Structures are given as C-alpha cells and as structure tokens.
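Work through the exercises below with the model open. Each task is followed by a solution in steps.

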Amino acid sequence: MTDAAARPPAPACQRGARQRTTRQVAAIAALLLLLAGCTTSPTPPTSNGPVAGQSPAATQVDTPPPSPGPAPVPAYMPATADAPAQNVPTPVLPEKAREFSKEGLEAFARHWYSTLGYAYETGDLAPMTAITDPGCKTCAGAKTSITTIYGDGGWIVGAKVTIDSSTSNFAVVPDGTYQAIVWVQQEAGTTYLADGSSLAPKPASISRPDIVVAAFQQGQWKTMKAEHLTKE
C-alpha cells in the first residue's frame, strides 16, 4: 500500500477551504491583469477650458479708432496793404434781436451795424442784405460802393465800425416803424485796388448818432433806413 493510499482523505471542511482559496487567488490574479491593462496614460480632455494652474488666454478685442475732434478754426487775419482780410467771423443775429420788444430792437440795430462793418472788411453783403429792406436808399449807397471796390479786385484796410450804444423808446410812428439811435464810430480806412495802388485814405470819424428805422415784418426786424443824424 502506498503512502498516498495510506493517507486518509481530507476532511470535507479542508477541501472547501482549499477550493475557496484557489478561487480567491484566481480572482486576484484576474484583477491584477485587468489593472495592468489600464495603466496606459489617459487621453486628455478635449475641452477648450483653461488647464489648472494656467491663466486663460486673453481675448482679442478690437478697439475702435478715436473719433476726430472738431476742425481747427482758421485764424483771423486783418487786411493789409498786400492782401484783403481773411477768415473774418460772420456776424450772427443774436436771439434777443429776434424779439419784438424794446430790447429786441436795440439789439437788432446794433447787429445791423455789425453786418455793415463786416461788409466793409470782406465785401460780403449777404448778412446785411438779409435784414435790410430793398427800399432802403441810404443802405443802397453803401452797397454800391462796397460792390464796386471788391468787384474790381480791390479791398479796404481799416475802416472798422465800432458800436458804442443802441437805445430806443420803442414808440411806433404813423407808418408802423420803430426807431433806434445808435452811436457809431469808424476807424480810418484806405481802399486798395487790384493793381496794388491805393486811393486817398479816409479819416476816422468820432462817435456820433445814427438813426435806424426798422419794421417788424413776418416775425423779424428789417432796416428801412439808416443814416447820420449829424453832418460830418
């Protein structure tokens, strides 16, 4: 009889324990194989979000170009013996001069002389014509002289008009007009012709009163007459 045959069979409880141990070893081995097959590096996420520890890339923002500022105003240049005045500011009718009132008439009369001075300096009669009645005979004389000088290529140096005061009693006269007294003075002036020659200079005038006769028509004042109250 051999030793194997002589050994008694293992008890049933020992056989069950060995079987459980064998199954546990096989299960652990299978788990290790499974984990070994998963040791390759994981594929990084495809998200475009920032990686931890890194700052997000700055977003490009188009900045609109700065808007251009107002165009510079050309500098005023008074007339000289070599050239006429340049960049002379155009008189602007004040809001007060649009009123049908004592103050409105006084402001209007002052403004009318501003347009006369502007015409002497530039030859531009448009501002004065816009507020003057076509029937104003004394106004027509000034227009003719200025048109002749500048129309032939000439210009005026000096002759600046200064308004010292403008007053009115705002009393209507029988023809429906109103009157204002304007004290005006004018600098000496010289007329230059297109060929560079000049006429005899006109002397300055001291401050003296002029009368402006105006009518309020269609919501605005119009000069009907403007003349000296005293002689030279």
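**Exercise 1.** Determine how S2 and strand S3 are joined, and find the partner of Val161.

Solution. Take the pairing. This is a predicted model. S2 and strand S3 (residues 178–186) run antiparallel. They are joined by 6 bridges. Now take the single residue. Val161 has Gln186 in S3 as its bridge partner.

**Exercise 2.** Place the strands in their sheet and name the edge strands.

Solution. Start with the order. It reads S2-S3-S5-S6. The sheet is open, has 4 strands and pairs antiparallel. Next, the edges. Strand S2 (161–167) and strand S6 (220–228) each pair on one side only. On average, neighbouring strands here are turned by 30° against each other, direction ignored.

**Exercise 3.** Which strands does helix H3 touch, and what angle does its direction make with that of S2?

Solution. Locate the helix first. H3 spans residues 102–122 and packs on the sheet. Its contacts reach S2, S3, strand S5 (205–217) and S6. Then compare directions. H3 makes about 165° with S2.

**Exercise 4.** List the members of the aromatic cluster that contains Phe100.

Solution. Begin with the whole structure. A search finds 11 aromatic pairs. Then collect the cluster. Phe100, Phe108, Phe170, Tyr178, Phe216 and Trp221 belong to it.

**Exercise 5.** Decide where the coordinates call for caution.

Solution. Check the average. The chain has a mean pLDDT of 81, and 73% of the residues score at least 70. Then check residues 1–47. Their pLDDT is below 50. Beyond near neighbours in sequence, this stretch has 3 contacts in the model. Where pLDDT is low, predicted coordinates should not be read in detail.

Definitions and conventions: Residues numbered from 1 in each chain as written. Predicted model: local features only at pLDDT ≥ 70, side-chain atom pairs only at ≥ 80, totals over all residues. Heavy atoms only, no water. pLDDT = per-residue confidence, 0-100. Contact = heavy atoms within 4.5 Å. Phe/Tyr/Trp six-rings, centres within 6.5 Å; stacked < 30°, edge-to-face > 60°. Pairing = 2+ DSSP bridges. Helix = DSSP H or I, 4+ residues; strand = E, 2+ residues; numbered from the N terminus. Axes fitted to C-alpha atoms, helices over the stretch in contact; angles between N-to-C directions.
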